[in-house]
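Colleague: I've just been handed this one and could use a guided tour. Mind if I keep asking how you know things?

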Amino acid sequence: MVSKGRVIGVIFGLFALVCLFATYDFSRGRATETDSALIGELLEATKARECGRDATGIVERYLPIGTGQAEAEKILAETVIRPPKPWFWKPVNENSTVSHGDSLEALRTIKITAFGNQVLRVYLGFSEGKLKRLAAEVICRFE
């Protein structure tokens, strides 16, 4: 007969192994795929999984002040990722653009894991059809 302590030890060991696999596979093991240079640079800068990181300097290189509104919206529309193909969880890919007159707010998912997402939030302010104000940050969403 198998002792109770040995059964508990085996169950605990299996649980630890599953947790180790899930943590590696879904946080570091699967890289986000994208063709966007903007997202690629943001992912390089946020390797430490920083939440609330100011990304204005990075975004400003791709959306310089003075860019036309149509061109800025086109650049934002091209910032997309291909989410990983999970086997036990469903990725949440959040991409939205909301315009309020001369201002625009865009949310773009830049990294998806089983434990949460990193989202780029961009605020653009336009005057006479040209970009005048820009603010961007990387935020974390835990679902």
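This is a predicted model: local features need pLDDT of at least 70, side-chain atom pairs count only at pLDDT 80 or more; totals for chains, interfaces and linings use all residues.

Colleague: Fine. What is the secondary structure of the protein made of?

Modeller: There are 4 helices and 7 strands. Starting at the N terminus, the order is α-β-α-β-α-α-β-β-β-β-β. Buried residues account for 35% of the 143 residues.

Colleague: Why is E128 called exposed?

Modeller: Exposed means over 50% relative accessible area. E128 has 79% relative accessibility, so it counts as exposed. E128 sits in the loop between strand 6 and strand 7. Its phi is positive, about 55°, although E128 is not a glycine.

Colleague: Next, helix 4. How do you know that its buried residues line one face of the helix?

Modeller: The helix covers residues 69-77, and its buried residues are A72, I75 and L76. Looking down the axis of helix 4, you find them within an arc of 100°, so they line one face. The face turned away from that buried side carries the exposed residues A70 and K74.

Colleague: And what do the buried residues of helix 4 pack against?

Modeller: They pack against helix 3 (56-62), strand 5 (103-113) and strand 6 (116-127).

Colleague: What makes strand 4 and strand 5 a pair?

Modeller: Pairing takes at least two bridges between the strands. Strand 4 (residues 95-100) is joined to strand 5 by 6 bridges, so the two count as paired. They run antiparallel, and N95 has R108 as its bridge partner in strand 5. Their hairpin has 2 residues between the strands, and G101 there takes a positive phi near 65°.

Colleague: Which residues have the most contacts inside the largest nonpolar core?

Modeller: Those are L42, V59, L63, L120, V122 and L124, in a core of 25 residues. Elements giving two or more residues to this core are helix 2 (37-45), helix 3, helix 4, strand 5, strand 6 and strand 7 (130-141).

Colleague: Take V122, then. What is it in contact with, leaving aside neighbours within four places in sequence?

Modeller: The partners of V122 include V59, L76 and L104, along with E105, A106, L134, A135 and A136. To count as a contact, heavy atoms must lie within 4.5 Å.

Key. Residues are numbered from 1 along each chain as its sequence is written. Side-chain values use heavy atoms; hydrogens and water are left out. Buried means under 20% relative accessible area, exposed over 50%, partly exposed in between (1.4 Å probe, protein chains only). The arc is that of the directions from the helix axis to the C-beta atoms. A nonpolar core is a set of buried Ala, Val, Leu, Ile, Met, Phe, Trp, Tyr and Cys residues joined through side-chain atoms within 4.5 Å.
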